[in-house]
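Hi everyone, thanks for coming. Let me walk you through a structure that may be new to you, starting with its aromatic rings and then turning to one helix.

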Amino acid sequence: MDQSLLELMHICPIFSDFNREQLEYLIGCNVMKIAAYKRNDIVFWTNTTPLKLYLLISGGIAMARDTQSGKRSLSKTNNVPGDLIGTVRLFSPSKLLWDYAVALEDSRVIEIDSSLFVQKGIIDMDIQLLLLHNIIGNVVEKIDYLGQKVRILSTASVRKRIAYYLLSIQDEKGHITLSSTREEIADYLDIARPSLSRELGRMQKDGIIRIDGHKVQITDQDAFDTLFD
């Protein structure tokens, strides 16, 4: 039994509701392995038959396409342990915008045989269905994330972008906790970090919000609501 693989599978969301027996069963089927890629290694080309899905362990991998002059254009980098890479390539019959996946730094992944997702009888049916269910959930989360980001980026006002972001992370009791860093939030909102900090300060000065560490409280709900008009 590959104990290192077993431990790494626990950090991956698509295995989050698998018990130890199910994880050991998958490892015993020899359908996944740990692989390493050096910086600038090509992980896969999108115009070839997809043989694997990739779960990031460490490092960073992005989809890429080169211009006619050779300049590389990159998608958002997958750099969170457990990120799933290659789902669109595996399930979409359409030609992709990106030509290849590339390691932006030394990276480690779990490579999963794609036959698990497209063929019957490869593994126990219940485990296969659970795995597919979790992958679909992962894809839906990405679609929802992109939908929120499109709505935010369609707004020119920095204050309105911040308001949409705060609304998106507010829980059912009205509590807002900033679990991301200022740099990460600024990147998500496509604004400069100093601009984010300045506008948060202005919103606090205007009495719309109050910031206490990672906690944000809406102190003037009416003023906050007008930002969505």
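**Aromatic pairs and a helix**

A search of the whole structure turns up six aromatic pairs. Here, rings of Phe, Tyr and Trp (its six-membered ring) pair if their centres lie within 6.5 Å; planes under 30 degrees apart are stacked, over 60 edge-to-face, and the rest tilted. One of them is Phe15 with Phe18, edge-to-face, at 5.5 Å centre to centre and 85° between the planes. Phe15 counts as buried because its relative accessibility is 2%, and Phe18 is buried at 6%. Buried means under 20% relative accessible area, exposed over 50%, and partly exposed in between (1.4 Å probe, protein chains only).

A word on the basis: this is a predicted model, where local features need pLDDT of at least 70 and side-chain atom pairs count only at pLDDT 80 or more, while totals for chains, interfaces and linings use all residues. Residues are numbered from 1 along each chain as its sequence is written, and side-chain values use heavy atoms, leaving out hydrogens and water.

Next, Tyr165 and Tyr188 make a tilted pair, 5.7 Å centre to centre with 55° between the planes. Tyr165 sits in helix 6 (residues 158–169) and Tyr188 in helix 7 (residues 182–189), so this pair ties together parts 23 residues apart in sequence. Helices (H or I, at least four residues) are DSSP runs, numbered from the N terminus. Both tyrosines, Tyr165 and Tyr188, are buried.

Finally, which residues of helix 5 are buried? They are Ile127, Gln128, Leu131, Asn134, Ile135, Asn138, Lys149 and Ile152.

Note on methods: Helix = DSSP H or I, 4+ residues; strand = E, 2+ residues; numbered from the N terminus.
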